[in-house]
Structure formats: C-alpha cells, structure tokens
Amino acid sequence: MDAAPPPTPPSPAPEQLGPEPFVPTLKGGSTAQDTASTPTPPRRRTLAARWRSVQRLPVTLMLASLLAGLGIVQLSFQLGLIAYRTTTWTQETNATQSRVQGLERDVRVLQDAERAASDPVYLEQLARCQGFVGAKETVVVSPAAPSTPSENCTARRLP
C-alpha cells in the first residue's frame, strides 16, 4: 500500500503574504535551516593534541612565575628607593632647617647691631672697649691692668 502524500494546507491569498524570510543556501543545495536541525558531532581531540596542551602548561606556569618574580624584584627595588629617598630628604630637610635658624639668628644680631649703632650709650661702651677715653676724663693705669684693652669687654660676634 502506497501512502498518500500528506495534504498540503491551502496557500493564503497573495494579499495576505508578507515578505519572504531570507534563508541562505549552502553548497550542495541544503539550507541553513536543514543543517541547524541536525547537530554536528563534536570534534574529537586526538591524543597528540591533548598531550601538546598538557606540555604547554608547565611552560605557561614557568613564564607566569618568571613574570611574578620580576614584579617582586621591581617592587622591592622601588620600595628600597622610596625608603632611601625618604631618609635622605629628611636629613637634608633637618640640615636646611638648622641652617635657616642660624641665619635667622644672624639677622637678629645684625638688626640689633644696626639699632645700637645709633645709640650713644652703646657707642660709648664700644669706644671704651677699644681703649678710647673721654675728653674730660683722666686716665689711671693700674699695674695689674691687662695689656690689651679688648680684655676689658666681652666681644660680641657679628656674622
């Protein structure tokens, strides 16, 4: 008994048809829809391909370890450099600050000397330290007097 072909549904009227969907055809006349319905069997990896991927694993791990080691060395170098710079800059900053304090002290001494230069009492003391005597004064020399007049006064350091 021959089977009768299944009845085909009636085709719609041309005004009811929309645009036809695009169905690409492959070599050999089959369409993409035909191949999509039939799954392709998974490609089997050969034993050699598996062995090559296993052989590459240690090389990859060695390269990763080498890069990690280089990173550690670089980080250690950078940390050492930062520590060296910090100590050097701290020492230089402290030395500069002490020098600035010394210069500020010198400026104060010079400003005091400048103010005292116009003070008659200070000028008289300075003249007596150098051995000068006033016009109406009598000089009396003691036998125990120092030989240089500067020994009578305290020297004031001017920068």
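D112 and R115 are three residues apart in helix α2 (residues 47-116), so about one helical turn separates them. Helices here are DSSP runs of H or I with at least four residues, numbered from the N terminus, while strands are runs of E with at least two. The two side chains form a salt bridge in which the closest N and O atoms are 2.8 Å apart. A salt bridge is defined as a side-chain nitrogen of Lys or Arg within 4 Å of a carboxyl oxygen of Asp or Glu. D112 is partly exposed at 29% relative accessible area, whereas R115 is exposed at 54%. Under 20% relative accessible area counts as buried, over 50% as exposed, and the range in between as partly exposed (1.4 Å probe, protein chains only).

The model is predicted: local features need pLDDT of at least 70 and side-chain atom pairs count only at pLDDT 80 or more, while totals for chains, interfaces and linings use all residues. Residues are numbered from 1 along each chain as its sequence is written, and side-chain values use heavy atoms, with hydrogens and water left out.

| Salt bridge | N to O distance |
|---|---|
| D112 and R115 | 2.8 Å |
| R128 and E124 | 3.5 Å |
| E137 and R128 | 2.2 Å |

Side chains of opposite charge can pair when their charged atoms come close. R128 and E124 both belong to helix α3 (residues 120-129), where four residues, about one turn of the helix, separate them. R128 is partly exposed, with 37% relative accessibility, and E124 is partly exposed at 46%. E137, which pairs with R128, is likewise partly exposed at 35% relative accessibility. Through shared partners, the salt bridges join E124, R128 and E137 into one network.

Another charged feature is a surface patch of positive charge formed by R44, R45, R50, R52 and R56. Patches comprise residues with over 30% relative accessible area and no salt bridge; like charges are joined within 9 Å. Accessible areas come from the Shrake-Rupley method with a 1.4 Å probe. Lys and Arg count as positive and Asp and Glu as negative, with His and the chain ends not counted. The place of an Arg charge is taken as CZ.

Note on methods: Patch = residues over 30% accessible without salt bridge, like charges linked within 9 Å, V, L, I, M, F, W, Y side chains within 5 Å.
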